[in-house]
Amino acid sequence: MTQAPVRVGIIGVHPDRGWASTAHVPALQQLPQFQLSVLSHSRIEVAQAAAQKFGFDHAVTSTEELVNHPDVDLVVVTVRVPEHLQLVTTALEAGKSVFSEWPLGMNLRDAEAMNELAAARGVSTMIGLQTRANPAIRHIRKLVGDGYVGEVLSASVIGSGITWGEELEEAFRYTLDPSKGASMLHVPFAHTMDALGFALDSEFLSVSGTLATRRPTIRIVESREFVPLTVADQIAFSGRLESGTLVTSHFRGGLSRATNFHMEINGSKGDLLLTSPVGYVGVGGFNLSGAQAGENLHPIPVPGDFGPDENVLTGNVKKLYELFASDKLSGTRQSPTFESAVNLHRLINAVEQSGGVWRDV
């Protein structure tokens, strides 16, 4: 029995820029399980240009038109984090399923409110923790589950924020406002800790974090203006998982001339190492290696991994949509939901409140 395609409405699509047009639309265009139905933009000429370019059936100028359109089953929210609460709430109140990019909200309170509303409305949700769909992360999860490393004793992570270093594009200036919920702590660090917890199939039980801002200013790329760096560019983190595993991590703003990403999982019978020349798990470009007793560290092939010419960012999003479609068809829960988002928001909130003291998540 075949299922009718899920009709997608995406809020805020521009024909030439933005995360929707660079990742979500190309991913959905490759999936017969979905239909590009409606898009919105505040300017009708921009909406119409985007609809024509990408093959959407309808173009509208308001969120209300989109979420109430009869040809929309799933509303996709890919705009800046400060707009999520209003847009997601509007879609949920219209009874539509929602895919929101991470972070779900600017803070834990907003995320909990959206999750509670989704539960009350009885609609499906998905959060953009697309690294959970990445082939390397999923293969690590399988290897760990199959006992490759034995009992997981500890995990160590070095990461780089890519942004929040020497300079910043004007479009991302809002990430310097800690109240907007889009800092290095909220995005690259959060994605990485979520991926690690997923790979180890265990939630964080307690955490300790120290946040520091070592660069007093950051340069805006376009204007060359120096502005205050008002969010942390250094994160020192320790955590305990429910499984007992101890996690340590150091994240730095910008990029390093040495190690940019290193995730090491140490177990009673073996070890796994995931590295990348870029800063964190959301970007990809992974190399996976491992070793068991008596072996030297050696490469481990990743089934279904991306080829050298494939866009990893689009590929991760595509695989996440595939999980959502499979869940809808079979009644499983493989894709991350708003509940997953609330759990991660609780982790970030605990780190923010920690001040170097251990706190329960």
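L344 is a buried residue, with a relative accessible area of 5%; buried here means under 20% relative accessible area, exposed means over 50%, and partly exposed is in between (1.4 Å probe, protein chains only). This is a predicted model, so to speak of local features a pLDDT of at least 70 is needed, side-chain atom pairs count only at pLDDT 80 or more, and totals for chains, interfaces and linings use all residues. Residues are numbered from 1 along each chain as its sequence is written, and side-chain values use heavy atoms, with hydrogens and water left out.

L344 sits in helix α9; helices (H or I, at least four residues) and strands (E, at least two) are DSSP runs, numbered from the N terminus. Not counting residues up to four places away in sequence, L344 touches W102, L129, A190 and D194, where contact means heavy atoms within 4.5 Å. From L344 to D146 it is 198 residues in sequence and 26 Å in space, C-alpha to C-alpha.

Helix α9 (338-354) also turns up in the surroundings of helix α5: the buried residues of α5 pack against α9, along with α4 (84-93) and β6 (125-128). Those buried residues are L108, D110, A111, M114, L117 and A118.

E151 is in the loop between α6 (135-145) and β7 (152-160). Leaving aside neighbours within four places in sequence, E151 is in contact with N266, G267 and S268. A111 and E151 are 40 residues apart in sequence, and 33 Å lies between their C-alpha atoms.

Now for the whole protein, which has 9 helices and 18 strands. The radius of gyration is 20 Å, close to the 21 Å that the globule rule gives for 361 residues, so the protein is as compact as a globular protein of that length. That radius is taken over C-alpha atoms, and the rule is 2.2 Å times the number of residues to the power 0.38. Along its principal axes, the C-alpha trace spans about 60 × 55 × 40 Å. Buried residues make up 53% of the 361 residues. Of the contacts with a separation of 6 or more, 71% come from residues 24 or more positions apart.
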